[in-house]
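I opened this notebook page to keep track of what I looked up in the structure, entry by entry. I begin with the overall fold and then go on to single residues.

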Amino acid sequence: MNSDNFYLKTPSDHWQMPIHTPLGRMTLLANEQGLSGAWFDQQKHVPDLQHLPWGPGQCWLLKAKQQLNDYFSGQRQQFELPLSPFGGSDFQHAVWHALAMIPFGRYATYADIARYLDKPQ
């Protein structure tokens, strides 16, 4: 995993779980409020999660794994998980919220999201 100085504010409150998908291995991260992140092992920006405990029985990790399995098998088009992202600026949180609103089978360009956020620059 490539670490880019991502730090969790309260690492003892988060759990991780690796899963296998048709697109490769992913690591899911959750806290008691919801899913905090999901990363493919080979993507460029991945936080260092090695120090975090594994949570194979943590409810949001189990639900995320099941919903991803359903999605990849063609049985799900929308995810129903509370999100509790860690890190990120207010702008990044706004972008992540906008991305989560894009319906299945649709797309949005960077310019579309910028216009939606009223941030054309």
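Before placing any residue, I note that helices (H or I, at least four residues) and strands (E, at least two) are DSSP runs, numbered from the N terminus. I also note that this is a predicted model.

**Entry 1, fold.** I looked up the elements and found three helices and three strands in the protein, which follow one another along the sequence in the pattern β-β-β-α-α-α.

Along the principal axes, I read a span of about 40 × 35 × 25 Å for the C-alpha trace. Of the contacts with a separation of 6 or more, 50% are between residues 24 or more positions apart.

I noted an accessible surface of about 8,400 Å², with 53% of it belonging to carbon and sulfur atoms, while buried residues make up 33% of the 121 residues.

Which residues form the largest nonpolar core? I listed 11 of them: Met-17, Ile-19, Met-26, Leu-28, Ala-30, Leu-35, Trp-60, Leu-61, Ala-64, Leu-68 and Leu-81. Two or more residues of this core come from each of strand 1 (15–21), strand 2 (24–31) and helix 1 (59–72), and helix 1 gives the largest share, four residues. Apart from this core I found another, of six residues, which include Leu-29, Trp-39, Leu-52 and Phe-86. As background, I recall that nonpolar side chains tend to be buried together in soluble globular proteins.

Leaving out residues up to four places away in sequence, I found Leu-61 touching Trp-15, Gln-16, Met-17, Leu-28, Leu-29, Ala-30 and Gly-55.

I placed Pro-22 in the loop between strand 1 and strand 2, where it is exposed, with a relative accessible area of 63%. The C-alpha atoms of Pro-22 and Phe-72 are separated by 7.2 Å, although these residues are 50 residues apart along the chain.

I found Pro-85 in the loop between helix 1 and helix 2 (90–100), and I counted Pro-85 as partly exposed because its relative accessibility is 33%. Residues up to four places away in sequence aside, Pro-85 touches Leu-35, Ser-36, His-93 and Trp-96. I also looked up its separation from Leu-62, 23 residues apart along the chain, and the C-alpha distance is 17 Å.

Where is Asp-118 placed? I found Asp-118 in the segment after helix 3 (110–116), exposed at a relative accessible area of 63%. I flagged its phi, near 55°, as a positive value in a residue other than glycine.

Definitions and conventions. Residues numbered from 1 in each chain as written. Predicted model: local features only at pLDDT ≥ 70, side-chain atom pairs only at ≥ 80, totals over all residues. Heavy atoms only, no water. Buried < 20%, exposed > 50% of the residue type's maximum accessible area, 1.4 Å probe, protein only. Contact = heavy atoms within 4.5 Å. Areas by Shrake-Rupley, 256 points an atom, 1.4 Å probe, with all protein chains shown as cover. Core = buried A, V, L, I, M, F, W, Y, C linked by side-chain atoms within 4.5 Å.
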